[in-house]
Amino acid sequence: MQNSAEQSSGSHVSPALLASNSPQTPACSIGSSGTSLDDVLRQYLLHFDDTISYQQSHIVLEWLQSAARQWIGSLERAKDPDDVIVVQAFGSHRLGFATGGSDLDAVLITSCRSVSRDTFCHGFVTFLQGKAPLTSLVRAIDSPNAPIVRFLAHPFAAQLRAALLCQAALARQCPTTAVPASVTALADPAVLGEILLWGYPGVPVDLSLSLIDRPPRALSPQDLVWSPEVRVHSRDQASENGLAAVRVAETVAKEVPDLSRFRWALKVVKRWAQQKLIYGKIYGFPGGVAWMLLVAKVCQENEDLLTCEMPVEFLSKFLPRFFDKFAHHEWGRFPVELRYDPKLFGELKPAPRRMGRRVLQILTPDNTHENVVDHMEEDALRRMVKVLQKADVLCCRKPV
């Protein structure tokens, strides 16, 4: 992966700390010195409009809700209208934004007893494979922590095809209107699939499963993850993790001083971490939740930045503080933990702390206190700290 920008600080920056690897981001022409951080931010924030990505993710989420109901309704002994079938997003989408190319993390919450890990990993995968061109590259990952169905969703496929079929139907009602052969061809799923796969890369989706017992009363989707009346089926830890992931995202949104500033900071830090190859649990580094918690921690500790102009002035002061804090943090001794109001969790019983291995700890702000980086090894931590320290030197112009 090609680097294009390394950062310098409140007054200076070298070329590419914030440059994204996205094809929409032009090559950086900024020199290695004498360029202000403000200038780099102004140049690259022009390419941080992720409205389309968020709209796509929202469409996928609505479609997933419909698809899950359709699939569960097709199962034997799954005809109870009182069964809970809800798809909830967590991570960045839950916080109100999605960066280009980022995964849509969601969880299917259901009380239907016909659904199990096996039917989810096999039956639902087969169901989604039959939904082409709306989906592609569907596969299941039946990990011990949680079963995940991973696929690419093409959110505009259904709308495009419906519009084309509607146009063709109108043309049949008005024979004088000629229907181009290209329009008729586009209505074919195979042709449409080729266009979508080549022209629109799709939204990567990671859908996990939470099996719950049927609540004693009807609950709104919002209340499902917070109500003490909801019990995971057979005390399944993977199901509890799915509910906790939604609670964590909502807690962060409530506890950061300013959600808009937090979103901007998280966008920039995530792009930077991806560019520097220190992002993603699959690669042994902090995942999206971990970086979200780190950014939220710095936001909580620097409420004086609330008066800064958005977004350039705020980010030009936030980033040096972020890198300074975590470049010198004693990871093995002190966990990173947000301040949060325990009253948010009401009657939910606190779970025992699962600290994991003590390489480092970034704990979720909820009643589980899960360590979201217990997968990291010493080598990965050293690599991450080295990159953070380099960013801190460039950002603050400290002597090496």
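Predicted model: local features only at pLDDT ≥ 70, side-chain atom pairs only at ≥ 80, totals over all residues.
How many residues does α11 have, and how far does α11 reach from its first C-alpha to its last? The legends below start there.

A. Residues are numbered from 1 along each chain as its sequence is written, and side-chain values use heavy atoms, with hydrogens and water left out. Helix α11 has 16 residues and reaches 22 Å from its first C-alpha to its last, close to the 22 Å expected at 1.5 Å a residue; the expected span is 1.5 Å times one less than the number of residues. Helices (H or I, at least four residues) and strands (E, at least two) are DSSP runs, numbered from the N terminus. Look along α11 for its buried residues, among them F314, L315, F318, L319, F322, F323 and F326. Here buried means under 20% relative accessible area, exposed over 50%, and partly exposed in between (1.4 Å probe, protein chains only).

N302 sits in the loop between α10 (288-301) and α11 (312-327). Its side chain joins that of R321 in a polar contact of 2.8 Å. A polar contact is a pair of N or O atoms within 3.5 Å; within protein, one must be able to donate a hydrogen and the other to accept it, and residues adjacent in sequence count only if both atoms are side-chain atoms. With a relative accessible area of 13%, N302 is buried.

C. Side chains of opposite charge can pair when their charged atoms come close. In this view, a network of salt bridges links K297, E301 and K325. A salt bridge is a side-chain nitrogen of Lys or Arg within 4 Å of a carboxyl oxygen of Asp or Glu. For E301 and K297, the closest N and O atoms are 3.7 Å apart. Both residues lie in helix α10, 4 residues apart, about one turn of the helix. K297 is buried at 13% relative accessible area, while E301 is partly exposed at 40%.

**D. Two further salt bridges.** The structure holds 13 salt bridges. In one of them, R382 meets D379 with the closest N and O atoms 2.2 Å apart. These two residues of helix α12 (residues 378-396) are 3 residues apart, so about one helical turn separates them. Both R382 and D379 are exposed. In another, D258 and R261 meet at 3.7 Å, N to O. D258 is partly exposed at 23% relative accessibility, and R261 is buried at 13%.

E. Five strands form an open sheet in the order β1-β2-β5-β4-β3, with mixed pairing. β1 (85-90) and β3 (135-142) are the edge strands, each with a single partner, so one side of each has no neighbour in the sheet. The twist averages 25° from one strand to the next. Two strands pair if DSSP finds at least two bridges between them; β4 (residues 147-153) and β5 (residues 203-211) pair in the antiparallel sense over 6 bridges. F151 stands opposite V205 in β5. Helix α3 (residues 117-129) lies across β2 (104-110), β3, β4 and β5, at about 170° to β3. Helix α8 (residues 237-255) lies across β1, β2, β4 and β5, at about 120° to β5. Contact means heavy atoms within 4.5 Å; axes are lines fitted to C-alpha atoms, for helices over the stretch in contact, and angles run from 0 to 180 degrees between N-to-C directions.
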